[in-house]
Every structure is written in structure tokens, then in C-alpha cells.
Amino acid sequence: MKFTQYFLNMHQRPDRAIIKMDWIEEIVNNPECTQIQSDGRIRKWRKIKDQGKYLRVILLEDKETVHNAFFDRTFKGELK
């Protein structure tokens, strides 16, 4: 996987350091939900059972570079 410098910096924060790279890879390859943002970036979600929360991964337009990953407190499993 490829990562932006922004992601690498943010992943060092204590609230984000717990996010496993295996989880990110699983979401990139097998998301439960996908949405294209207006800027072309791609949002992907999947529930992390160990955490009981949805993890959102944002990819750049190239569909392979991870720009951000965080637990999405507002996502409930489907887009409105």
C-alpha cells in the first residue's frame, strides 16, 4: 500500500495509532460501503468488529494511496 505524508503524520497520533494496517488493507480491498467525494477521493467504510466501530479510509484519486483513516463516529452502516 502507498500512503500520503499526511496519513503517516496523522497515524502517529494516539487516537489513530491503534488503527492496524491490516484493517486498512481489508477496507481498501473489501469495503462494506464506498463513496466518491466531489474532489475525486474515495471513501470506504467497514465495521471493525474488535472495536465495534466503523473505520473510514480515504484514498486518493489513484484508488491505491491511503490519505486518511479514522473511526467514523457518525457512520451507521449505510449512506443516506
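Predicted model: local features only at pLDDT ≥ 70, side-chain atom pairs only at ≥ 80, totals over all residues.
Q: Why is phenylalanine 70 called buried?
A: Its relative accessibility is 18%. Buried means under 20%. Phenylalanine 70 therefore counts as buried.

Q: Which residues is phenylalanine 70 in contact with, leaving aside neighbours within four places in sequence?
A: They are Arg16, Ile19, Tyr54, Leu55, Arg56 and Ile58. Contact means heavy atoms within 4.5 Å. Phenylalanine 70 itself lies in strand S5, residues 65-71.

Q: How far apart are phenylalanine 70 and tyrosine 54 in sequence and in space?
A: They are 16 residues apart in sequence. C-alpha to C-alpha, the separation is 8.5 Å.

Q: What makes S2 and S3 a pair of strands?
A: Pairing needs at least two bridges. S2 (residues 33-36) and S3 (residues 42-48) are joined by 4 bridges, so they pair. They run antiparallel. Glutamine 35 stands opposite arginine 43 in S3.

Q: How do you know that S3 pairs with S4?
A: The count is 7 bridges, against a requirement of at least two. S3 and S4 (residues 53-59) therefore pair, and they run antiparallel. Tryptophan 45 stands opposite arginine 56 in S4.

Q: What is the phi of glycine 40, and where does this residue sit?
A: Glycine 40 takes a positive phi near 95°. It belongs to the hairpin of S2 and S3, which has 5 residues between the strands.

Q: Which glycine has a positive phi in the turn between S3 and S4?
A: Glycine 52, with a phi of about 70°. This hairpin has 4 residues between its strands.

Technical notes:
Residues numbered from 1 in each chain as written. Heavy atoms only, no water. Helix = DSSP H or I, 4+ residues; strand = E, 2+ residues; numbered from the N terminus. Buried < 20%, exposed > 50% of the residue type's maximum accessible area, 1.4 Å probe, protein only.
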